[in-house]
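Biologist: I am new to this structure. Please show me how to read its features one at a time.

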Amino acid sequence: MKKLQLLAATALTLCIASPSFAQDNTTPPAQDDQSQSYDGANEIVVTATLRNETVQDVPVAVTAVPAELLQNAGVQDIKGLEQLAPSLQTTTGQSAATGSSFSIRGIGTAGDNPGFEPAVGVFIDGVFRPRAGVALAELPELDRVEILRGPQGTLFGRNTSAGAVRVFTAQPKFEFGGHIEGSYGNYNAWELNGGVTGPVSEQFAVRLDAGIRKRDGYIHDVNTGRDINNIDRYNFRGQALLDTGAVTFRLIADYYHTDEACCGAVSVARGSLANAINAVAVPQGLIGMYTGSPSDRRMAVSPNRNYGEQVKDGGVSGELNWDLGSVNLTSITAYRKWSANRDQDIDFSGIDRAYRDDYHVNLNDFTQELRFQGSLFGGKLDWLIGGFFLNESLKLRDTVKIGNDGNRYVDTVFAGALGAAPPAGFGTPLQFFGSLGPTVPLFGAALLNPAVPNSLAALQAAYGASLGPLVGCFRAQVGTAPSSLCVVPGFSGTPVPGLAALVTNPLPGAVAGQGNNPDLFNVKTNAIALFTHNIINVNDKISITLGARWNHEKKTLDATINNNLGSCAFFDQVRAGNAAAATYAKYLTAAGLFNNLFLLSCNPAVNSEFNGTYAHSRSEDKITGTAKLSVKFTDKVLGYFSYDRGYKSGGYNLDQATFDSVLLGGNGAQGSDLAFGSETVDSFELGFKTSFSRAFTLNAALFRAKYHDLQNLVFSGNNFVVQNIKSSTSQGIELESIVRPSRDFTLRLAYTFLDAKYDKSNNFTGTPLAGLEGQQIQNQPRNVITGAATWTPHLFGNINGLLHVDARYNSATEIAGVSTTFPGQGIVRNDEYVLVDARIGLQTEDGKIRGEFFVDNLTNQYYNITGFAVPEQTGNYAGYPGYPRFYGVRLRYGF
């Protein structure tokens, strides 16, 4: 692997050191029209500043991916872009719909919670997609993709603090044409898509695209034999384009539908509670946890639970561009409706501990953007002003429920812990809910064991020096020993009515199916912004860009929490001040058992203490902006220095587990508990763009971004909480080079060195991030190299060959947990690895007809997309595995 890294770096270095290398070793093409009919190394026109400029002329760090490369690389959704852009990373967690995220330069937003908004904005045909999962639908025929690195808030809004991904689909054409494409591969994968376009009149054209794709899952359930992480989706999209010359209007309507099983997680590391899982599973003839290698891509799922996920996404948008003479007007209006419905086995094991059933999220968005732009003073000032409005309605129905093994798992965990020899335990397995049968004593009843006399010496001999005296007080308050036996300060020997009945009977337990009944969250967002972006052309070599944006946003939350979990009943009595329950809780606390019993029996995600209705609202006003100095040193070298102020809005964590319990020292559930604050960033960048020849470009960017109150969703061991991190830094170097010595050969190389850390000045003591001060942000590799080579040699007649290879190298990455065995390493991690995709085939010179064999993940490399500590299973960690080797054949016919 080190050799591969060295070779890739050497290749990039050769390009940097010898810009004429490609030309010097290539026979000059014939000087005819055909030889000049292809774009040079990076002559792609982009609109990163909402103006038409080539990549080499715009003072922005942007990766532009043209349609030809997207097709050759087999990019079918935005996740596929990371194979071509080293600073972009995509992850998918518990759900492809609500647990997906993008990061650029190490900064992103991850978490299975639709209340979290992205740090990387995604725009498809100018329309903002409000969540990463909303943007992961199948992509139709594309024109290009622009990946803008670094804060983009001035032009693109409040949730682009890390960057933006802009997708441009193919427009209707004023000549008849179309295509049909099909593929078949392993895992019974097949796909069929097509499109047709043409004129209705001289000024009006239409286009229709549609597709369907299916594939079996690649994660195998060892209990039922089913496969998870399959694909089953279809889409269609219609467009109309009016072009009168001065006025263009583009209308788009689309719909996407998926019905899949996602997302499976494999066991990566197992702690002591893995034994409890297997102890519950084995008597039922089940595998509790698969203990083979994660690369087997096998997991244990409860037979009566599933990972079904259905997504519906549709919308309509209209873009108006009107040349008013000295001023151009652009208006983009859109309405989108997205919904996801899913089930989930949330204990990630073969037992039926907990699950989600009919979880539903619905997101409706109306957006309006209006821009005016023009020039003044003979082109010295290129000005732009605009406004943006968003109205969003987010509704969530959460349905966490306890399964058939809920009580049995809790009792098994405590039976193992309490069965340890004193003083760690009581020397015999004990339970609380009676689910293990009469052979295992109840905890309270065991302390009253008549075989142990009511004397301090006997109690200390039986239960240990520290617990023995507590047992004496306990017996006295139950009424089976004299009050004089209680000698522990702060404890009474006075009998408590009802305590004997409480401790000698099982605690009220959970009934399968109890839990959220359901929880309902409703968040409404209204956001408005005014912005300006102006380029001052000092002369033909120097330009200054100044821009600012005022952002106003208001969010209102309404939530109804409704839980009916039976195993919360005892704790509800404690909270209500019931004498017997409060006394028992006091002894459980002294024995170090109460908190764990509470969190396992009445988990924060289903705690009936939080039942009620909640309302809260928050608003914020932020100013963001940009300042850039661009210098054209020569016709072939552009340099720039920029400052950007970015912003990501605050919001609400839509999870009742965020509330704090009075039984754990909190002040009780309040609507404000769900709120989290905004994050801001100050980013500085120095960049150079060089075009030493038509065949070669080399771009470099050095960046440093300081993030304040970075939003981070972390698992606290009991629940997921939002932690606004006071100070974080993302800095590094990016290199991109394109070599295109001839029409039929293109080589793209890119490298990112990323130093993205939680600053040492943070104090994470007592938080889930404890020990990570000054460490690399988890799941962010420090070194990434990407390469893509395409060769389309002429073979005979009208036929060209096709050979395409792209690869991505990631250095070793720590993902989740902190290893005590290997300091500095994560429990879930990736060693350095390379992903290689390849295609070989034939195509006509115009590319309309082609056939190819393809393979993705050529070496069948295993890696974890992300990972996590499994809830309620201390020491158990799971990972979401990357895809295995996929291969097949694809045919395309264009007309």
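Biologist: Is Cys262 buried or exposed?

Modeller: This is a predicted model, so every value is computed from predicted atoms. Buried means under 20% relative accessible area. Cys262 has 11% relative accessibility, so Cys262 counts as buried. Cys263 has 3% and therefore counts as buried too.

Biologist: What do Cys262 and Cys263 form?

Modeller: A disulfide is a pair of cysteine sulfur atoms within 2.5 Å. The sulfur atoms of Cys262 and Cys263 are 1.9 Å apart, and the two residues form a disulfide. The torsion about their S-S bond is about 70°, so this disulfide is right-handed.

Biologist: How many disulfides does the structure hold?

Modeller: The structure holds 3 disulfides. Number the bonded cysteines in sequence order, and the pairing reads 1-2, 3-4, 5-6.

Biologist: Which residue does a disulfide join to Cys473?

Modeller: Cys486, with an S to S distance of 2.0 Å. The pair links distant parts of the chain, 13 residues apart. Cys473 sits in helix H9 (residues 467–478). Cys486 lies in the loop between H9 and helix H10 (499–503). Cys473 and Cys486 are both buried. The torsion about their S-S bond is about 85°, so the link is right-handed.

Biologist: Now Cys568 and Cys602. How many Å apart are their sulfur atoms?

Modeller: They are 2.0 Å apart, and the residues form a disulfide. The link has 100° about the S-S bond and is right-handed.

Biologist: What is the relative accessible area of Cys568?

Modeller: Cys568 has 0%, so Cys568 is buried. Cys602 has 1% and is buried.

Biologist: Let us turn to a sheet. What is the order of the strands in the open sheet of 3 strands?

Modeller: The order is S18-S43-S42, and the pairing is antiparallel. The edge strands are S18 (266–269) and S42 (864–869), and each pairs on one side only. From one strand to the next, the twist averages 35°.

Biologist: How many bridges join S18 to S43?

Modeller: There are 3 bridges between S18 and S43 (residues 877–881), and these strands run antiparallel. For a place to look, find Ala269: Ala269 stands opposite Tyr877 in S43.

Key:
Residues numbered from 1 in each chain as written. Predicted model: local features only at pLDDT ≥ 70, side-chain atom pairs only at ≥ 80, totals over all residues. Heavy atoms only, no water. Buried < 20%, exposed > 50% of the residue type's maximum accessible area, 1.4 Å probe, protein only. Helix = DSSP H or I, 4+ residues; strand = E, 2+ residues; numbered from the N terminus. Pairing = 2+ DSSP bridges. Axes fitted to C-alpha atoms, helices over the stretch in contact; angles between N-to-C directions.
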